[in-house]
Amino acid sequence: MSTPLLQLENVTIKFGGLTAVSELTTTIDEGQLVGLIGPNGAGKTTAFNMITGVYQPTSGTIRFAGKCTAGIKPSRLTAQGIARTFQNIRLFGSLSVLDNIRVAKQLHNTQNYLGSLWRGKGWRNSEATIEKDALELLEIFDLAKCRDEMATSLPYGDQRRLEIVRALATKPKLLLLDEPAAGMNPSEKDDLMHLIRFIKDRYQLAVLLVEHDMKVVMGICERIAVLEYGRKIAEGTPKEIQCHPKVIEAYLGAAATPIEHA
Ligand SMILES: Nc1ncnc2c1ncn2[C@@H]1O[C@H](COP(=O)(O)OP(=O)(O)OP(=O)(O)O)[C@@H](O)[C@H]1O
């Protein structure tokens with residue numbers, strides 16, 4: 001059996017007296033699309049923050065590509081292949097669409113500080129490659145037409161897409177999406193579902209999706225893990241999750257009907 005791309009083993013984090021995530025064990029294989037769902041405050045974003053190195057677990061182990069991530073800074077983990085988007089869009093608002101992608105691409109720039117100061121041939125070649133790759137990405141995701149516009153001047157759906165494209169520009173193996181459908185209308189949500197499937201297939205990425213919209217989650221995820229009060233209460237296929245008694249109870253109360261699906 002091959003090593004999972006991401007492995008969480010009994011991961012726990014405490015904030016004072018509050019255990020935000022408790023003994024979470026799960027895995028994501030290369031190329032898998034996994035959902036992480038749960039009611040508000042269940043610990044989903046906190047799990048993201050531990051996987052990306054923003055928070056260090058109080059106990060337990062996280063391994064990425066077989067290596068323990070303890071103590072590794074978020075920027076190093078991004079360079080190693082973990083990218084994310086945020087619940088509230090975090091673009092570089094005063095930069096153009098193109099520059100938002102260029103900044104992300106700088107992560108893999110091989111030019112050192114002196115090279116940047118000197119601005120010699122090596123630096124110019126490297127900048128030209130970054131610009132070419134960035135424009136190619138914008139073309140693929142239909143954002144090239146607004147390359148010079150300020151990122152925050154884009155319509156909401158395009159800003160969400162740009163944030164995903166910026167994460168892709170770091171060449172991740174694992175992409176974490178935190179509530180990408182938040183604030184979207186039904187047609188934008190359909191586009192988002194196509195977009196997530198497209199990037200997973202084209203870039204052969206593993207995706208971990210935190211999302212409240214059940215149509216989106218049930219429609220695209222291969223497997224879903226469910227948190228409640230920081231604990232994993234279920235994990236399985238969308239079909240299994242939709243009729244799992246603990247999940248129905250967590251979302252809707254004991255006497256509830258199965259969760260709506262795609
Ligand atoms: N830095 C922190 N300090 C103290 N408590 C925190 C911190 N970060 C998260 N929490 C708490 O941990 C719990 C889990 O929060 P988290 O944001 O992970 O939930 P969530 O499942 O992402 O919720 P939502 O769906 O509303 O975004 C909450 O009770 C939250 O208040």
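Which helix gives the most to the shell around the ligand? That would be H1, with three residues. A few notes on this predicted model follow.

1. Ground rules. Local features need pLDDT of at least 70 in this predicted model, and side-chain atom pairs count only at pLDDT 80 or more, while totals for chains, interfaces and linings use all residues. Residues are numbered from 1 along each chain as its sequence is written, and side-chain values use heavy atoms, with hydrogens and water left out.

2. The shell. The ligand has 15 residues around it, and Asn40, Gly41, Lys44, Thr46 and His212 are the closest (near here means a heavy atom within 4 Å). Strand E2 (18–28) and helix H1 (44–51) each bring at least two residues to this shell; helices (H or I, at least four residues) and strands (E, at least two) are DSSP runs, numbered from the N terminus.

3. Six of its residues are nonpolar, seven polar and two charged. Charged covers Asp, Glu, Lys and Arg, and Gly is counted as polar.

4. Polar contacts (N or O pairs within 3.5 Å). The side chain of Thr46 puts an N or O atom 2.5 Å from a ligand oxygen, and for Lys44 the corresponding distance to a ligand oxygen is 2.7 Å. On the nitrogen side, a polar side-chain atom of Tyr55 sits 3.0 Å from a ligand nitrogen. Taken alone, the ligand exposes 630 Å², of which the protein buries 64% (Shrake-Rupley, 1.4 Å probe).

5. H6 against H7. Helix H6 (residues 156–168) packs on helix H7 (residues 186–203) at about 15°, with axes 11 Å apart; axes are lines fitted to C-alpha atoms, and angles run from 0 to 180 degrees between N-to-C directions. That makes the H6 and H7 pair roughly parallel (under 35 degrees), and H6 passes H7 in a right-handed crossing.

6. H3 against H6. The axes of helix H3 (residues 97–105) and H6 come within 8 Å, crossing at roughly 25°. H3 and H6 are therefore roughly parallel, and their crossing is right-handed.

Conventions:
Polar contact = N/O pair within 3.5 Å; in protein donor to acceptor, adjacent residues only side chain to side chain. Parallel < 35°, antiparallel > 145°, perpendicular 65-115°, else oblique. Left-handed = near helix turned anticlockwise from the far one by under 90°.
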